[in-house]
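Here is a tutorial dialogue for a first look at a structure. Keep the sequence and the model in view as you read.

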Amino acid sequence: MLKLTKFVVLLLLAVSFQSSSGCKRVEESNKFANTDISVKLKRSGKLQYELVKGSNILHTVTFDNFNTNNDLIMTSKGTIQISDGKETIEFELVTSDSTVTHIRVIRENLPNNGEPKDCFDLDMASTHWYGGPEDRYQYYPVERLTFENYSYVTKEDHNAGVAERYWLNSNGVFIFVETETPLFINQNAPGYENKLCLSARNSLPYNSRATGRSFVYHIGVADNAKTAHMHAVETLLGHPTSYPDERMVKYPIWSTWALYKADINDQIVRDFGDAILKYGFENSQLEIDDDWEDCYGALTFRKSKFPNIKQLTDDLKAKGFRVTLWIHPFINKNCEPTYSDALNKGYLVLDHKGNPDTQWWNSKTGEAAYVDFTKTEVQEWFKKRLQRLQTEDGIDSFKFDAGETSWVPSDPVLSGDEHMSPHQITEQYVRTVGSFGPMVEVRSGQGTQDMAIFVRMIDKDSEWSWNNGLLTLITTLLQLNMNGYPFVLPDMIGGNGYNNKPPTKELFIRWLQANVFMPSLQFSFVPWTFDEETIEISKKFTKLHADYTPQIMDRFKLAASTGEPVNPPLWWVDPEDKTAQGICDQFLLGDSIIAAPIIRENETKRDIYLPKGTWKDGNSDTVHTGPIWIMDYPAPLDTLPYFIKQA
């Protein structure tokens with residue numbers, strides 16, 4: 001009996017050894033060579049993969065519609081693969097060091113009728129997310145946003161002027177989807193609550209005729225969000241190579257748009273300039289906005305409004321102004337002979353039926369066309385016409401509007417890589433107009449973080465709320481910075497006054513205060529339409545902004561050198577600070593200044609959070625040691641709470 005027991009024990013040990021040896025072989029086959037990084041499958045419920053370092057699970061991703069009993073295998077080129085017989089998923093190790101683990105997840109040559117979808121838990125109870133698309137309701141952190149079958153392109157819908165395919169969370173995880181992927185997302189959509197799901201779909205607005213469709217994304221995991229983000233900037237997002245014009249930082253831009261809309265002419269512009277000087281305000285430039293052209297797309301001044309534009313620009317310059325001009329990428333059908341000339345030369349975006357018809361906010365349906373910036377000869381044609389405005393009419397620089405993909409005809413024919421459609425229209429437009437130098441401003445971007453130009457927030461409404469109002473001024477600033485666009489031009493102080501609703505005195509002043517530690521000030525509604533108090537408060541804060549121009553420019557130069565944001569979120573000081581990770585109504589200038597403006601109506605005090613460090617109150621010289629909450633900080637109408645970090 002004893003011998004039999006020993007035999008059974010030995011047999012069980014042998015089976016156990018074989019089993020463990022088998023597990024070991026499987027585990028080794030899932031490990032990238034010469035690393036402790038592995039990919040493991042989890043088969044409970046929907047199939048998942050885990051990114052593992054040593055014995056630590058770094059991140060888990062769910063395959064929403066991919067399932068197989070096959071195992072992961074190591075390929076001859078050192079990647080890890082799994083297949084269901086129709087679709088193959090490949091895991092490539094990009095980086096693994098002491099600071100970050102970075103893998104690339106690859107599906108290529110996807111079947112046209114498939115829609116691979118990978119889902120990430122937002123884990124909203126304990127994790128915050130940053131990045132994502134610019135949005136009209138710009139909640140921040142962004143985990144609260146909802147998107148359902150959202151085509152991830154720049155577009156008018158949602159105010160998505162910038163739609164970089166990048167997300168970062170407070171745990172130090174980033175996601176980046178390559179541009180060739182025809183990306184759709186579901187975030188907090190029905191059936192995908194508390195999830196961000198990425199999918200690749202062969203449908204409009206992407207080029208459904210493209211062959212060899214791919215779905216490729218990156219995952220990076222670092223010790224904290226700051227380390228993860230800087231790795232993403234270095235390897236994926238890129239950063240500016242230089243920085244914008246310093247005078248646009250120091251002194252306000254004065255635009256005709258919000259105050260006058262399209263009702264402008266020579267005399268109105270002159271009177272506007274004279275009033276700016278009369279009330280004692282500095283300027284970086286005076287901007288002539290909408291309805292100066294003979295017709296939309298002509299790029300020539302209408303004589304009935306501007307009988308001698310060169311005389312006007314000369315006179316304004318003699319008074320100390322630079323003069324800039326609003327430009328758009330459209331030609332309306334009634335704008336002859338420009339429209340017919342551009343159409344006959346092949347300079348307009350066509351759909352696959354040869355039709356150029358589209359619409360924008362200054363045309364009716366089908367009554368306009370979009371200039372095709374994906375063609376080199378069109379870029380040069382457009383630039384020469386702008387150069388004429390400079391040399392003959394005395395225009396110094398330009399405000400470039402639109403640029404989003406949604407303005408092109410549906411199913412467009414664009415030059416370049418068919419897998420990039422329609423992204424390239426945004427990128428090539430921005431690169432074309434960005435060549436006009438450091439005074440340029442645009443409102444759209446697609447992989448153009450390297451450009452030394454201002455990126456303007458899309459028009460804000462004269463509201464306090466999350467519906468594109470003052471609350472979203474800070475959150476949009478943070479969203480753009482954390483997508484690699486540090487040179488943010490906030491929209492006009494007080495908003496645009498749409499629907500015959502101009503800003504109140506209180507909204508105007510609080511909006512200006514919120515702008516002070518942002519890169520630039522832009523006025524259209526003016527202080528003297530209110531009262532003397534508004535004028536004096538406005539002078540106080542335009543001076544405060546000018547006084548801090550050296551610090552802003554230092555941060556501009558750092559952004560051009562390393563890619564660090566100019567206005568990061570509060571947690572940038574301490575990425576491990578759980579409280580700072582969730583704050584959306586304060587922001588930093590660099591690492592050393594905290595701005596905490598009043599952004600809610602009828603409030604004259606607020607609670608302020610200071611992260612670790614020693615912080616001097618900019619209004620009283622009182623010193624606080626963080627982390628600390630300052631409760632009910634008094635902020636009457638003439639007060640902007642801000643704090644300066646002490647060495």
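This is a predicted model: local features need pLDDT of at least 70, side-chain atom pairs count only at pLDDT 80 or more; totals for chains, interfaces and linings use all residues.

Q: Where does UniProt place the feature "domain: Glycoside hydrolase family 31 TIM barrel"?
A: First, a caution: UniProt positions follow the numbering used here, feature names are shortened, and annotations may be inferred rather than shown by experiment. The unreviewed UniProt entry puts this domain at residues 255-551. Over that span the chain is 35% helix and 11% strand. Its end C-alpha atoms are 25 Å apart. Helices (H or I, at least four residues) and strands (E, at least two) are DSSP runs, numbered from the N terminus.

Q: Where does "domain: Glycosyl hydrolase family 31 C-terminal" lie?
A: The unreviewed UniProt entry places it at residues 563-646. This span is 5% helix and 42% strand. The end C-alpha atoms lie 24 Å apart.

Q: How do I read a sheet, and what is the strand order in the open sheet of five strands?
A: Strands of a sheet pair through backbone hydrogen bonds, either parallel or antiparallel. Two strands count as paired if DSSP finds at least two bridges between them. Here the order is β28-β29-β32-β30-β31, with antiparallel pairing. β28 (587-589) and β31 stand at the edges with a single partner strand each, so one side of each lacks a neighbour in the sheet. Neighbouring strands are turned by 20° against each other on average, direction ignored.

Q: How many bridges join β30 and β31?
A: Nine bridges link β30 (residues 605-617) to β31 (residues 623-634), in the antiparallel sense.

Q: Which residues of β32 are the bridge partners of W615 and K616?
A: W615 is partnered by K645, and K616 by I644. β30 and β32 (residues 642-645) run antiparallel, joined by three bridges.

Q: Which strands stand at the edges of the open sheet of seven strands?
A: Read the order: β1-β2-β3-β8-β14-β13-β10, with antiparallel pairing. The edges are β1 (37-42) and β10 (147-151); each has a single partner strand, so one side of each is left without a neighbour in the sheet. On average, neighbouring strands are turned by 25° against each other, direction ignored. S151 has F184 as its bridge partner in β13.

Q: How do I describe two packed helices, and at what angle do α11 and α12 pack?
A: Two packed helices are described by the angle between their axes and the distance between the axes. Axes are lines fitted to C-alpha atoms, for helices over the stretch in contact, and angles run from 0 to 180 degrees between N-to-C directions. α11 (residues 505-515) and α12 pack at about 10°, with axes 9 Å apart. That makes α11 roughly parallel to α12 (under 35 degrees is roughly parallel, over 145 roughly antiparallel, 65 to 115 roughly perpendicular, the rest oblique). Contacts (heavy atoms within 4.5 Å) involve residues including F508 and L512 of α11 and I537 and F541 of α12.

Q: At what angle do α12 and α13 pack?
A: α12 (residues 532-547) and α13 (residues 549-562) pack at about 45°, with axes 5 Å apart. That makes α12 oblique to α13. H545, A546 and D547 of α12 meet T549, P550, Q551 and I552 of α13.

Q: What is a nonpolar core, and which residues touch the most other members here?
A: In soluble globular proteins, nonpolar side chains tend to be buried together. A nonpolar core is a set of buried Ala, Val, Leu, Ile, Met, Phe, Trp, Tyr and Cys residues joined through side-chain atoms within 4.5 Å. The largest one has 192 residues, and F91, I288 and F517 touch the most other members. Leaving out residues up to four places away in sequence, I288 touches residues including F306, L325 and W326.

Q: Is K86 buried or exposed?
A: Buried means under 20% relative accessible area, exposed over 50%, partly exposed in between (1.4 Å probe, protein chains only). K86 is exposed, at 77%. K86 sits in the loop between β5 (80-83) and β6 (88-96).

Q: Where is E380?
A: E380 is in helix α8 (residues 376-393). E380 is partly exposed, with a relative accessible area of 37%.

Note on methods
Residues are numbered from 1 along each chain as its sequence is written. Side-chain values use heavy atoms; hydrogens and water are left out.
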